[in-house]
Amino acid sequence: MSYCELCGKSAPERKRVIVDGTVFNVCMSCSRHGKPYEPAPVPKKKKVVAPATKKITLADDLVLDPEFPRIIREARMKRGLSHEQLGMQMSEKSNLLRRFETGALKPDELMAKKLERHLGIKLYVSAEGE
Ligand SMILES: [Zn+2]
């Protein structure tokens, strides 16, 4: 048996009405006091617009991979290039490349980008989550 949620009387037939913004299942006589309840159409979800603070990926977020000597060396060897050959391709001194590969010298950002381009490698890795 169902009861009216407003007057508490047993109500074989109940109606859903809105009283003060709340949905009640009420008897016929109480239903006159409220607005007929109509299920609201499901609001279309607005596309969540990404916050305007879009991160601009700068070198700030990236760090030189500490494995850079190995990465450079392996990429160069994969291509079958000597230090001299790669140096010529990059218009850099082969001696410089040697020093990168031994880790004696850290390529600066410009040089790292150049190496990345020429060798198809990634020397900068995201500093986040590391
Ligand atoms: Zn009632």
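Along the chain, the donors of the zinc ion are spaced as C-x2-C-x19-C-x2-C, where donors are N, O and S atoms within 2.8 Å of the metal (3.2 Å for Na, K and Ca) and water is not among the atoms, so sites may look incomplete. The model is predicted: local features need pLDDT of at least 70 and side-chain atom pairs count only at pLDDT 80 or more, while totals for chains, interfaces and linings use all residues. Residues are numbered from 1 along each chain as its sequence is written, and side-chain values use heavy atoms, with hydrogens and water left out.

The SG atoms of C4, C7, C27 and C30 are the protein donors, lying 2.2 to 2.4 Å from the zinc ion. Angles of 100 to 117 degrees among the four donor atoms make the site tetrahedral (for four donors, all angles between 85 and 135 degrees). C4 lies in the segment before β1 (15-19) and C27 in the loop between β2 (22-26) and α1 (28-31), so the pair ties together parts that are 23 residues apart in sequence; helices (H or I, at least four residues) and strands (E, at least two) are DSSP runs, numbered from the N terminus. Both C4 and C27 are buried, that is, under 20% relative accessible area with a 1.4 Å probe, protein chains only.

The largest nonpolar core has 17 residues, of which I72, L115, L119, I121 and L123 touch the most other members. Such a core is a set of buried Ala, Val, Leu, Ile, Met, Phe, Trp, Tyr and Cys residues joined through side-chain atoms within 4.5 Å. Two or more residues come from each of α2 (68-78), α3 (83-90), α4 and α5 (109-119). A second, separate core of seven residues includes C4 and C27.

How values were computed:
Buried < 20%, exposed > 50% of the residue type's maximum accessible area, 1.4 Å probe, protein only. Tetrahedral: all angles 85-135°; square planar, octahedral: opposite > 155°, others 65-115°.
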